[in-house]
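Please read the points below alongside the coordinates.

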Amino acid sequence: MRNIINLNQGWRFIQKDAGLPESFPEDWEQICLPHTWNAVDGHDGNGGYDRGTYWYAKKFRTPKQPLEGGRVYVEVLAAGQQAGVYVNGNKVIYHEGGYSAFRADITELCREEDENLLVIACSNERKDSVYPQSADFTFYGGLYRGVNLISVPEVHFDLDYYGGPGIQVTPKPCEDGGAVFEMVSWTVNADENFTVMYSVRDAEDREVACAVRPAGDAGVSVYVPDVTRWDIDNPYLYTVTATLQRRNEAYDEVSVRAGVRSFSCDPDKGFIINGAETPLRGVSRHQDQLYKGNALTRKDHYEDAEMIKELGANTIRLAHYQHSQDFYDACDELGFVVWAEIPFISVFSKDPEAHQNCISQMKELIIQNYNHPSICFWGISNEILIGGMSDKLIENHKELQALCKELDPTRLTAIAHVSMTPVESPIHGITDVESYNHYFGWYGGRMEDNGQWLDDFHKTHPEICLGVSEYGCEGILTYHGPNPACKDYSEEYQALYHEHMAKVLDERPWIWSGHVWNMFDFGCAARDEGGVAGRNNKGLVTMDRKTKKDSYYIYQAYWSKKPMVHLCGRRYAQRAGETTEIRVYSNQTAVELYLNGELMEKKSAEKVFVFTVALKDGFNTVLAAAGNVKDSMTLEKVEKEPSIYVLPEVNERAEGVANWFKLAGDLDLKAPLEFPEGKYSVKDKMEEIAKCPEAMKITAEAVKLITNMKIAPGEGMWDMMKSMTVESLVRMAGSMAPEGFLESLNGKLIKFDKI
């Protein structure tokens, strides 16, 4: 029978390209898996992180084979981003793609009696043929999900097919309350003496169906009467086991879990599961944690999933790559509808090998995860039009769409458009459903623009199932104030933004899905915003999972069925002024507010309750009560609020914009834009502007003023931005760029001759 041996203990690691060792390197660092060398520098704010080729080594003994001809495989659950595997000095496999499992048969290279040397070279260096090329997150390197040995008899279920489990189960519900389980398995080296026995067991471990097929014809359907369907509120799981049998002996066995459900999307009704219209409302998730990077344990994954469940979400977009089997398992068990995707993101590579890498990663994603009932959507790409449109890009999307349907006709495909993707574009209509990443109210425009844009798109394209795949804004726990505003990075503005967005989505059930960006703060070594470098701080929860921001609780008020009440502003603990505003989130119909034990007011409202109170000098206790649920906090009335509550750049930005216009001199800022031949202008791409250091300096200053993002050739997110025009970057800033700003910038750029 199959034996899976965990190899996560007793490794040696060296953080330099030391080359293949001839013997076990005792002098290398002792580590255990999971491991990443970017656990700290991947998000510590020092401006970059170590991207190189580094080496792991491990001794192991050849598993004893009970039957002659048995095989031994090494299984790498993920290696970021490329990896070469060696056994006893021999290269056995090279894999490109940092997020999927891969295996190799190492039987012939193993020594029967002696210890063997397993060496893995991991690289997170950029490679033109491997996605992601560039993106707004850290590409952690290392063996961050673990390594196994798998020992199987000569006749076994296939281990070589894109890292899959060797069995595929497709449960299809019937109108009579039963379901047909279509099952197929793939075997290796089986002759006419072998059969495959299938067993379907319910959640109470009772066998409810079975079938037997010759191993060479291992596909069969069975009928299960009176099934319990897998649903968001009742994620009921069946277990399907395939046993490879030779007469009275079982040679190999694989088990997977399956769920019976039907689902679809409708442009006017949104997402439908098991016949019930169910708007999907939830979050996106990156897999890293503070000072662990992406080297997470099964416990870490489950705790993340449980925190999302506590929020009340019913869907998770697992961005922007294949996640751990542990997390997909948690989603199966907890009842999340999952969007799973490949890292075809941001920067389109014209290298034909890069497209083949996309195809390979899509095959691995689908084949390795086909049996998870939580997954309902395969994501094809994310914000891929940042670098512009091309016929080849459209062709590649159509190929990926066809591949998804070939490998899995049961699920829907999805795409996440960058905000500036035209409403009329050939990229529309390729996938089954579509979503937009919109940040109106943060990167551009006003938060109030979101609803109108969605309504207008729906009117223009009534045939498209539309979702919002990303939306959010940064919230940093240090910053507070009575007048929150866009780009002040305050916890209060983030909460106001999400108050608005939760309502926008709640009022539009035809939006098939909404995914907050992001559930957790995550590592992005290239970022430097809001006084917190190295991270994207749009999470509803901090990267260390210790603190739920106020914005977390507005979604709990909208989505959770468990009674709750939350007092906002507890970190805005020192307040000045005659009165102060107290905001309360609750899913109850009425809230009472007490100040220092005295009832101030009882209000009825929908999710958001706003009170104005006068604090007494010194410390004050505030209590909010909604039926049996209560929350309290302490506030101090002070003469002057701490200066740390305001990001210095907020005041500097206002002064900077004023100085910018002052330096524009006599320019007519309302005149039509001019584009003299041979001169730079806002119509030029950033990579063209960068050829002239003086023009680049002015442009970088302008972008910093209106977006608070630092850009420089070769630094930060330059690869993502270099193909964008200056005009598109400024227009993305929306209301953050005052009237006349684009014209004044253009007026400065046209003074420089093109190089």
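**Notes on the model**

1. The lining of the second largest cavity divides by class into five nonpolar, six polar and one charged residues, where Ala, Val, Leu, Ile, Met, Phe, Trp, Tyr, Cys and Pro count as nonpolar, Asp, Glu, Lys and Arg as charged, and the others, Gly among them, as polar. This cavity holds about 60 Å³ of space, and its lining includes Q81, Y99, H286, D288 and G523.

2. The model is predicted, and local features need pLDDT of at least 70, side-chain atom pairs count only at pLDDT 80 or more, while totals for chains, interfaces and linings use all residues. Residues are numbered from 1 along each chain as its sequence is written, and side-chain values use heavy atoms, with hydrogens and water left out.

3. Five cavities of 30 Å³ or more are found when the whole structure is searched; a cavity is a set of points, on a 1 Å grid over the protein atoms alone, where a 1.4 Å probe fits but cannot get out, and lining residues have an atom within 4 Å of a point. A volume is the space filled by probe spheres set on the points, which are joined across faces, edges and corners.

4. The largest cavity has about 90 Å³ of space, and among the residues lining it are D158, Y161, W186, I367 and Y370. Its lining has six nonpolar, three polar and one charged residues.

5. T431 sits in the loop between β27 (412-418) and β28 (433-437) and is buried, at a relative accessible area of 8%, where buried means under 20%, exposed over 50% and partly exposed in between (1.4 Å probe, protein chains only). A polar atom of the T431 side chain lies 2.8 Å from the backbone oxygen of V433.

6. G219 belongs to strand β17 (residues 219-224) and is partly exposed, with a relative accessible area of 34%. Its C-alpha atom is separated by 9.3 Å from that of Q168, 51 residues apart along the chain.

Notes
Helix = DSSP H or I, 4+ residues; strand = E, 2+ residues; numbered from the N terminus. Polar contact = N/O pair within 3.5 Å; in protein donor to acceptor, adjacent residues only side chain to side chain. 1 Å grid on protein atoms, 1.4 Å probe; cavity = no way out; pocket = protein on both sides within 12 Å on 5 of 7 lines; lining within 4 Å.
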